[in-house]
Amino acid sequence: LAHEPALRAEQEQEILAALTGPNGRSALLLGPRGMGKTTLLRWLAEAPNPGSAAPRIAGAYVDLAETREADFFGRAMAGLYDALTPRMVGERPRLECHVRAAVDYGEREFVADANRLFAFLRPASAGPLHAALLLDNAGALDGYSGAARDAVRRLVLASASANAALR
């Protein structure tokens, strides 16, 4: 994708269908360096044309090589919060990541905060919205403790199982 000037309409629809499957609102992208994950995320995060029925995607980027395991869930939530807040109406939700120390913010708090964020999104009339969490340098997980690797894997598996269309 990084070298393609434009996607064909069929490719665009196939990517959107895979990332916004009927059973979920999120996707997790993993892959080797240089394959175009960041380019894809930026493309997906662009607002669709006015009046388009295409799903909107809010993208959050986390570089695992630059993220300590104690900061992973907090950094991931901060990225999602930044990507989703422009689509919220009224007051912003109070999240656990804003009041807890990084070492006290984990998988359970991340899931609870994600649910709070989606509850504050604009009405469905604005079109469907999906969140994309881009984890770059996945090989850096090897440096995480077993418990932290397992927690990140559960996040990946939960996303994949919620989006059966992912291939």
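Trainee: Is Phe 72 buried or exposed, going by its relative accessibility?

Mentor: Phe 72 has a relative accessibility of 1%, so it counts as buried. Buried means under 20% relative accessible area, exposed means over 50%, and partly exposed lies in between, with a 1.4 Å probe and protein chains only. The model is predicted: local features need pLDDT of at least 70 and side-chain atom pairs pLDDT 80 or more, while totals for chains, interfaces and linings use all residues. Residues are numbered from 1 along each chain as its sequence is written, and side-chain values use heavy atoms, with hydrogens and water left out.

First, the setting. The protein has 5 helices and 3 strands, in the order α-β-α-β-α-α-β-α from the N terminus. Helices (H or I, at least four residues) and strands (E, at least two) are DSSP runs, numbered from the N terminus. Of the 167 residues, 40% count as buried. Among contacts with a separation of 6 or more, 75% join residues 24 or more positions apart; contact means heavy atoms within 4.5 Å.

Phe 72 belongs to α3, where the buried residues include Phe 72, Phe 73, Ala 76, Met 77 and Leu 80. The 13 residues of α3 should span 18 Å at 1.5 Å a residue, and the end C-alpha atoms are 18 Å apart, which agrees. The expected span is 1.5 Å times one less than the number of residues.

Now the rings. A pair of aromatic rings is described by the distance of the centres and the angle of the planes. Rings of Phe, Tyr and Trp (its six-membered ring) pair if their centres lie within 6.5 Å; planes under 30 degrees apart are stacked, over 60 edge-to-face, and the rest tilted. The count comes to 2 aromatic pairs. In one, the rings of Phe 72 and Phe 73 have centres 4.9 Å apart and planes at 75°, so the pair is edge-to-face. Phe 73 is also buried, with a relative accessible area of 7%. Phe 73 and Phe 110 form a tilted pair, 5.6 Å centre to centre and with 55° between the planes. Phe 73 lies in α3 and Phe 110 in α4, so this pair ties together parts that are 37 residues apart in sequence. Through these ring pairs, Phe 72, Phe 73 and Phe 110 are linked into a cluster.

Phe 110 leads on to α4. There, Glu 109, Phe 110, Asp 113, Ala 114, Leu 117 and Phe 118 are buried. They cover an arc of only 165° around the axis, which puts them on the same side of α4; the arc is that of the directions from the helix axis to the C-beta atoms. Exposed Arg 108, Asn 115 and Ala 119 sit on the face turned away from the buried side of α4.

Last, the loop between α3 and α4 holds Glu 96. With 22% relative accessibility, Glu 96 counts as partly exposed. Leaving out residues up to four places away in sequence, Glu 96 touches Tyr 105, Glu 109, Asp 113 and Arg 116. The side chain of Glu 96 also makes a polar contact with the side chain of Arg 100, at 2.7 Å. A polar contact is a pair of N or O atoms within 3.5 Å; within protein, one must be able to donate a hydrogen and the other to accept it, and residues adjacent in sequence count only if both atoms are side-chain atoms.
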